[in-house]
Amino acid sequence: MNITTRAALCAAAATLSLAAAAPALAQGSPLGGTGSDYYLNDSNTGTANIQFSYGERYDDAYVGDWDGNGTDTLMLRRDNTFLVRNSNSTGSADAQFVYGDPGDGVLVGDWDGNGTDTLAVRRGNTFLVKNTVTTGTADVQFVYGDPGDTVLVGNWDGQGGDSLIVRRAGHYFVKNDLTTGVASSDFYFGDPYDAVLTGRWSLDQPGDTLAVRRGNSYYLRGSLTSGPADVVFGYGNPSDTAFAGDWNGDGVDSLGVRRDRTPAPVPPPVGNQPPNPGDDKDCVDFPSQAAAQAYFDMYYPYYGDVARLDGNGDLQACESLR
Ligand SMILES: [Ca+2]
Ligand SMILES: [Ca+2]
Ligand SMILES: [Ca+2]
Ligand SMILES: [Ca+2]
């Protein structure tokens with residue numbers, strides 16, 4: 001992503017005032033967050049230039065190039081069913097398929113470098129890579145890192161296809177092939193709990209690198225080496241779910257955000273709801289209007305005017321007792 005002025009990107013903060021969501025995960029893993037509204041930005045105007053809705057609030061979503069045309073779009077996962085969409089526009093899935101088991105960890109990548117993203121199933125520290133989205137035996141299988149490691153997917157060397165980085169806190173271990181073995185290089189970047197994005201932020205980079213996110217600030221590094229961020233900019237809100245992809249097929253990755261605009265349901269009162277007494281009282285049963293009003297107010301929120309004490313509907317019970 002090319003960065004313009006901070007002022008321009010601060011404009012994005014006003015445009016993208018988004019609801020609370022989880023921190024972003026790296027490309028290759030589910031985006032995280034909730035919501036079905038997506039706002040993508042593939043230029044430097046500071047404003048999302050693509051907006052659409054896809055799927056349902058709690059769907060897992062992945063970014064990838066499913067049809068190999070150079071642009072990244074979304075795919076949703078529901079258990080072990082995957083719903084592919086090949087355009088960044090509102091609509092239903094273009095294709096769907098079943099893959100793996102419902103509990104499998106799934107990573108997305110262009111493992112063979114043919115331009116099309118497919119899936120890999122992760123079981124512990126074993127990765128089972130398929131270069132087509134058909135169920136069946138893995139094309140490549142290898143072991144990398146430890147079962148609890150966080151892994152990132154990217155084409156780190158810009159050669160061939162995607163491979164993995166294992167992340168341990170702020171320490172990253174780069175592997176450039178899909179074989180069991182040790183890392184080819186390692187580096188440090190950011191803090192142990194930073195949310196990380198991966199992408200090719202400029203055409204000057206041979207391959208993908210990292211960005212860390214803190215609140216609504218993004219720290220981009222142009223190489224897989226230890227050192228400070230090369231570019232820092234602000235974008236959106238701290239509560240956004242952010243992710244990266246090449247939305248317009250120009251070879252440069254930029255940001256998108258997922259928005260949850262569905263209001264949280266109001267929970268019913270818990271523990272103190274009185275049972276419905278039914279119409280068992282008349283105004284003459286109360287010693288005063290205040291006593292009738294207290295009775296009315298106790299049940300009205302749950303059952304309405306069950307004893308029919310408010311004949312004129314003004315929420316004042318038994319006005320005749322005044
Ligand atoms: Ca595509
Ligand atoms: Ca591929
Ligand atoms: Ca590679
Ligand atoms: Ca792009």
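The legends below describe close-up views of a predicted model. Local features need pLDDT of at least 70 and side-chain atom pairs count only at pLDDT 80 or more, while totals for chains, interfaces and linings use all residues. Residues are numbered from 1 along each chain as its sequence is written, and chains are lettered from A and ligands numbered from 1 in the order in which they are written.

**View 1. The largest nonpolar core.** This core holds 50 residues, and L74, M75 and A211 have the most contacts inside it. A nonpolar core is a set of buried Ala, Val, Leu, Ile, Met, Phe, Trp, Tyr and Cys residues joined through C-beta atoms within 7 Å. Buried stands for 20 or more other C-beta atoms within 10 Å of a residue's own, exposed for 12 or fewer, and partly exposed for values in between, with C-beta atoms placed from the backbone. Leaving out residues up to four places away in sequence, A211 touches L197, G199, W201, Y218, Y219, L220 and R221; contact requires C-beta atoms, placed from the backbone, within 7 Å. A separate second core has eight residues, among them F286, A307, L309 and A317.

View 2. Strands (E, at least two residues) and helices (H or I, at least four) are DSSP runs numbered from the N terminus, and two strands pair if DSSP finds at least two bridges between them. Antiparallel β4 and β5 are joined by four bridges, and M75 stands opposite V84 in β5. The hairpin has two residues between the strands. D79, in the loop between β4 (73-78) and β5 (81-84), has a positive phi near 55 degrees although it is not glycine. D79 counts as exposed because it has 12 C-beta neighbours inside 10 Å. β5 also pairs with β6 (residues 95-98), antiparallel and over four bridges; the partner of T81 in β6 is V98.

**View 3. The open four-stranded sheet.** The strand order is β2-β1-β20-β19, with antiparallel pairing. β2 (50-53) and β19 (241-245) are at the edges with a single partner strand each, so one side of each has no neighbour in the sheet. Strand β1 (residues 37-40) is joined to β2 by four bridges, and L40 has I50 as its bridge partner in β2.

**View 4. R308 after helix α2.** R308 is found in the segment after α2 (289-303). Its phi is near 50 degrees, a positive value in a residue other than glycine. R308 is exposed because 12 other C-beta atoms lie within 10 Å.

Conventions:
Two residues are in contact if their C-beta atoms, placed from the backbone, lie within 7 Å.
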